[in-house]
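Please keep the sequence and the model in view while reading.

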Amino acid sequence: MAFMEKPPAGKVLLDDTVPLTAAIEASQSLQSHTEYIIRVQRGISVENSWQIAGLSLPLPPKKLIGNMDREFIAERQKGLQNYLNVITTNHILSNCELVKKFLDPNNYSASYTEIALQQVSMFFRSEPKWEVVEPLKDIGWRIRKKYFLMKIKNQPKERLVLSWADLGPDKYLSDKDFQCLIKLLPSCLHPYIYRVTFATANESSALLIRMFNEKGTLKDLIYKAKPKDPFLRKYCNPKKIQGLELQQIKTYGRQILEVLKFLHDKGFPYGHLHASNVMLEGDACRLLDLENSLLGLPSFYRSYFSQFRKINTLESVDVHCFGHLLYEMTYGRPPDSVPVDSFPPAPSMAVVAVLESTLSCEACKNGMPTVSRLLQMPLFSDVLLTTSEKPQFKIPTKLKEALRIAKECIEKRLIEEQKQIHQHRRLTRAQSHHGSEEERKKRKILARKKSKRSAVENSEEHSAKYSNSNNSAGSGASSPLTSPSSPTPPSTAVEHAPF
């Protein structure tokens, strides 16, 4: 497929960050082995689910004798379900291409490495000065973004990195505006933005080239990892967990906040802050992947902030993601869950104050502070930044308006998703409460009381009818005896007051 060829009509732009859940529904014994039928669901909609059958999962360990017994199969199914739960709830594992291909083979059958190679090869026909050294396999977390180590033919010792990415579900720019903005990125100069050497795009993807940095990213520093290693190997199960020094946290944090403020002031949507998108160069942090929002790619932390309706602008998304990054810099690992109820001891209470303002239950419920507010907090307010590089990023007025409209569309989709999740959560809570043991006991007690009340009412009604029939029968035979002080009832009284 030629690099400037249009994408196929009706192409579905899938959000890869929407969580997949998997539940083993049944098992069947076939000759010498057992196969399990798994129902997979994307997001909260039951309608968006499917079955995968004919699968023999490798864990937990097998049993040589009696492995076809019903009890063993049922027990093994529980173990396999736990195994699936661990994978689908782990933030890094659940976004792995192998997991996606296993659980959703229809949507992830394509080989994105081959597609990227085709696109890159077509690009080199018109740009012969570049040459591919080797593919950098799985160094990033995105399934539809691929990396290649490059060199310039007349400068063979200099290494660069080419990144190719497909369009995402939040691509709202017109093709013309999209391509113009991508080509504008090399002109962006800022002391805390990693420089783009070359950028181009077509209607379906974008290709960018940057200098290769041997030092790696901020995440590589935290996890003591080698930049070229696969993402899973580097970050999924680190051997040693250790945060950064307080001065590093303060300096890097201040630099990142300064560049976020710069982008916010320019009206340029970002929304993709995490430790792997921060390059280290000397003592400076430099932001990566400004193209992601133009491509419409979903954020690394989307499955977190989509749970909170107050985090509904890209500015507030950046602040919340900064909280995740600060936590990782402080403790050497991401938080176990968000919101965070209590924070472990930190090098300074000033760090905890910022974490509480971005990751606590109260912050997630009430909303995020602004970047300007974070810059004024004690952790960052006394940090002095020394740089001679003057920021430059000129965006034409017409493109600024296109960015504003695209940003509103991205936020609108986020708000709608948050609304659906909120409604689903309320419905699930109501169903859970209705089905709880305590609630069932209450309903039984109420049912008994209602039954007793109904029985009493029926008994009273029957007694009233019997009494009335007796009175009607006796009134023609004789008059009732009355005491001298009692008034004599009228002789025409044939109606009876209701009981």
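## Lining of the largest pocket

Helix 15 contributes 5 residues to the lining of the largest pocket, the most of any contributor. The model is a predicted one. At least two lining residues each come from strand 1 (20–30), helix 1 (70–89), helix 5 (218–223), helix 9 (302–305), helix 10 (314–331) and helix 15 (397–435).

The volume of this largest pocket is about 1300 Å³. Its lining comprises 46 residues, and those nearest the centre are Pro19, Thr88, Thr89, His91 and Ser303. Sorted by class, the lining of the largest pocket holds 18 nonpolar, 18 polar and 10 charged residues.

Five strands form an open sheet in the order 4-5-6-8-7, and their pairing is antiparallel. Strand 4 (130–136) and strand 7 (198–201) each have a single partner strand, so these two stand at the edges, and one side of each has no neighbour in the sheet. From one strand to the next, the twist averages 25°.

## Strand pairing and the packed helix

Within the sheet, strand 5 (residues 145–152) pairs with strand 6 (residues 155–166) in the antiparallel sense, over 8 bridges.

Definitions and conventions: Residues are numbered from 1 along each chain as its sequence is written. This is a predicted model: local features need pLDDT of at least 70, side-chain atom pairs count only at pLDDT 80 or more; totals for chains, interfaces and linings use all residues. Side-chain values use heavy atoms; hydrogens and water are left out. Two strands pair if DSSP finds at least two bridges between them. Helices (H or I, at least four residues) and strands (E, at least two) are DSSP runs, numbered from the N terminus. Axes are lines fitted to C-alpha atoms, for helices over the stretch in contact, and angles run from 0 to 180 degrees between N-to-C directions. On a 1 Å grid over the protein atoms alone, a cavity is a set of points where a 1.4 Å probe fits but cannot get out, and a pocket is an open set with protein on both sides within 12 Å along at least five of seven lines; lining residues have an atom within 4 Å of a point. Grid points are joined across faces, edges and corners, and a volume is the space filled by probe spheres set on the points. Ala, Val, Leu, Ile, Met, Phe, Trp, Tyr, Cys and Pro count as nonpolar, Asp, Glu, Lys and Arg as charged, and the others, Gly among them, as polar.
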